[in-house]
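Here's a quick briefing to read with the structure open on your screen. It goes through the topics one at a time.

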Amino acid sequence: DFTPIAIAAVGCGLLLREFDVAALRIPVLDYLEARRFSLLDQLIGAVPIPDEPKGCIRLKGPIGAEDAVVWTEGGPPMIITGELDAGVHEFTDLETHGTSASTSPRGTLWAIDRLSEPTPRLTALEVPLPADVSTLHTHGLGLHGDVLFAVNHAFQGGGERIERWRITRGAEPDGPPLVLMHLGSVTGHGGDEVGEGAWSFTSMLNAAINDLAPVGINEFYMTQFLDAPASLEGAGSGTLEEYVSPPEGRLAASYRWAAARLGIEIHAKTLLPRLRRSRIWHCYCASGDTGSDCARTACEPVGPPGACWNGITSRPLAPGEQPPAPGARGILFVNDIFRRIVVEFAIVGEGARASLKQLRQFRAPFLVDNVHLDASGEALWVGAVGVSHQSFWGGLDALRANASAAHTAATAAGNPTPRPHLHLRPSEDSPPQPPMPSGALHIDLASGKVSAKLVQRRQLAAISWSHGVGDRIFMGSPWDDGVLVCPRDP
């Protein structure tokens, strides 16, 4: 009687349909990372972890240089990086740790030039903002020619917004390397063709926008890494249900309830496609304006939901390049951090007719944060923010525990609460404790090969972006102090 076997087979088939089978490699990778079984490493697609790099320097200054872009127009390459301090914004609160978005001082943008000198120059820039915006906490950055885009979590100092500046090189050799002129902000969806349906990023996406990829002065793609708007100092009141996904059925609701009770929401979204609600958004000028001013911006979700869409970058098709899909006008690369993949999409169509067609997936061995196109256009640089789930969250849990203890001690002594990044190291120049191994991944677009160019444990607490410029690799962290500069071939 094969009936029990048939029933079991059908049950297993139905169960497997609920799972992203490829994502099952992730707990295996974490297990191997803890034990380093070389044969199984090869079978599962892991990559060797290089030895601790030597000859690196840390340029101190920006607290949470979460993303960076390389600008090459009009002279030698220079790097522009932001200042997020995600340890305050995303991982601590006033009641328990004494810090939150309201306690974090205004950040700025920084320029790194003289990249080939023994110690490159790091400069804090003067950053103009609209009169009604009093703070700057930049997440993702993007470049379109000489226009710099930035995600700004301004919270009560201006709400959730996308800032734009025109950048020019500084005129004086010893002066600031860059000068910025503000070109206006994008603050939400301006409504449909009859002027209805408007909503703001603050109400619908507060603190949820992660990164962006400009494809025009009034057009960009951006990632939403949180399922819903975060309150963070009282902002964020809307719901994204009608934009994020169709209404959930009972099965998805049951999965989500169980995952929340077990405290495994991230794992559940990674393994169960039914629970993924992170979106990629396309924003464009719906009023037809061609200059930097646009009377009405429209923003719509495109492409498939993800577990946690994160870094994003784009490139136009080269002259004479064969379109990878009918109507394609460019390529988009998007990271899903906890699924550990970089997804390649063809950008098809424009405006309200734009869509994404998935082309390839590059499976990464580590948690992937920001992604950037190499200057050659033939490779990607990726920030490996953690080599395993345990090392990533272990470091953050230690930060929060230290911040909580410091807050309690400071309150008892009548002193101000120290900021969280100060708890990543026992002293200013000692290695992060616990170590947060992370580094720079490189993806060859011709072969699809993913390799670890550099992984470090003792010099920067988590790496969210990397760029290879000349014979060096530059890297930044979401919550640590500074930018790490290492030889490309240590």
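Is cysteine 285 buried or exposed? Cysteine 285 is buried, because its relative accessibility of 18% is under the 20% cut-off. Keep in mind that this is a predicted model.

**Disulfides**

- The model has 3 disulfides.
- Number the bonded cysteines of the protein chain in sequence order and you get the pairing 1-6, 2-5, 3-4.
- Cysteine 56 is bonded to cysteine 486, with an S to S distance of 2.1 Å. This pair links distant parts of the chain, 430 residues apart: cysteine 56 sits in the loop between α3 (38-44) and β1 (57-63), while cysteine 486 belongs to strand β26 (residues 481-487).
- The link of cysteine 56 and cysteine 486 is right-handed, with 115° about the S-S bond, and both of these cysteines are buried.
- Cysteine 283 pairs up with cysteine 299, and their sulfur atoms are 2.2 Å apart.
- Cysteine 283 counts as buried at 0% relative accessibility, and cysteine 299 counts as buried at 2%.
- Cysteine 285 is joined to cysteine 294 by a disulfide, S to S 2.1 Å. The torsion about that S-S bond is about 100°, so this disulfide is right-handed.
- One more cysteine to look up is cysteine 308, which counts as buried at 6% relative accessibility.

- As background, most residues other than glycine have a negative phi, and most peptide bonds are trans.
- Alanine 207 isn't a glycine, yet it has a positive phi of about 65°. You'll find alanine 207 in the loop between α6 (201-205) and β12 (209-216), and it is buried, with a relative accessible area of 6%.
- Arginine 340 is another non-glycine with a positive phi, in this case about 60°. Arginine 340 is in the loop between β17 (328-336) and β18 (341-348).
- Is arginine 340 buried or exposed? Arginine 340 counts as buried, because its relative accessibility is 1%.
- Glutamine 433 and proline 434 are joined by a cis peptide bond, with omega about -5°. Proline 434 is part of the loop between α10 (389-413) and β22 (438-444).

**Arginine 276 and its surroundings**

- Arginine 276 is in the loop between α9 (265-271) and β14 (278-285). At 8% relative accessibility, arginine 276 counts as buried.
- Which side chain does arginine 276 meet in a polar contact of 2.9 Å? That would be the side chain of aspartate 20.
- The arginine 276 side chain also reaches the backbone oxygen of threonine 270, at 2.6 Å.
- Leaving out residues up to four places away in sequence, arginine 276 touches Asp20, Lys269, Thr270, Leu271, Pro305, Gly306, Ala307 and Arg339.

**Cavities**

- To find empty space, you roll a probe the size of a water molecule over the atoms and see where space is left.
- How many cavities of 30 Å³ or more are there? The count comes to 2.
- The second largest cavity has a volume of about 40 Å³. Its lining has 7 nonpolar, 4 polar and no charged residues.
- Residues lining the second largest cavity include Gly395, Ala398, Leu399, Asn402, His423, Leu424, Met436 and Ala461.
- Gln433 and Pro434 are also among the residues lining the second largest cavity, and these two are the ones joined by the cis peptide bond. Pro432 is one of the lining residues as well.

Methods: Residues numbered from 1 in each chain as written. Predicted model: local features only at pLDDT ≥ 70, side-chain atom pairs only at ≥ 80, totals over all residues. Heavy atoms only, no water. Helix = DSSP H or I, 4+ residues; strand = E, 2+ residues; numbered from the N terminus. Buried < 20%, exposed > 50% of the residue type's maximum accessible area, 1.4 Å probe, protein only. Polar contact = N/O pair within 3.5 Å; in protein donor to acceptor, adjacent residues only side chain to side chain. Contact = heavy atoms within 4.5 Å. Disulfide = S-S within 2.5 Å. 1 Å grid on protein atoms, 1.4 Å probe; cavity = no way out; pocket = protein on both sides within 12 Å on 5 of 7 lines; lining within 4 Å. Points joined across faces, edges and corners; volume = space filled by probe spheres on them. Nonpolar A, V, L, I, M, F, W, Y, C, P; charged D, E, K, R; others polar.
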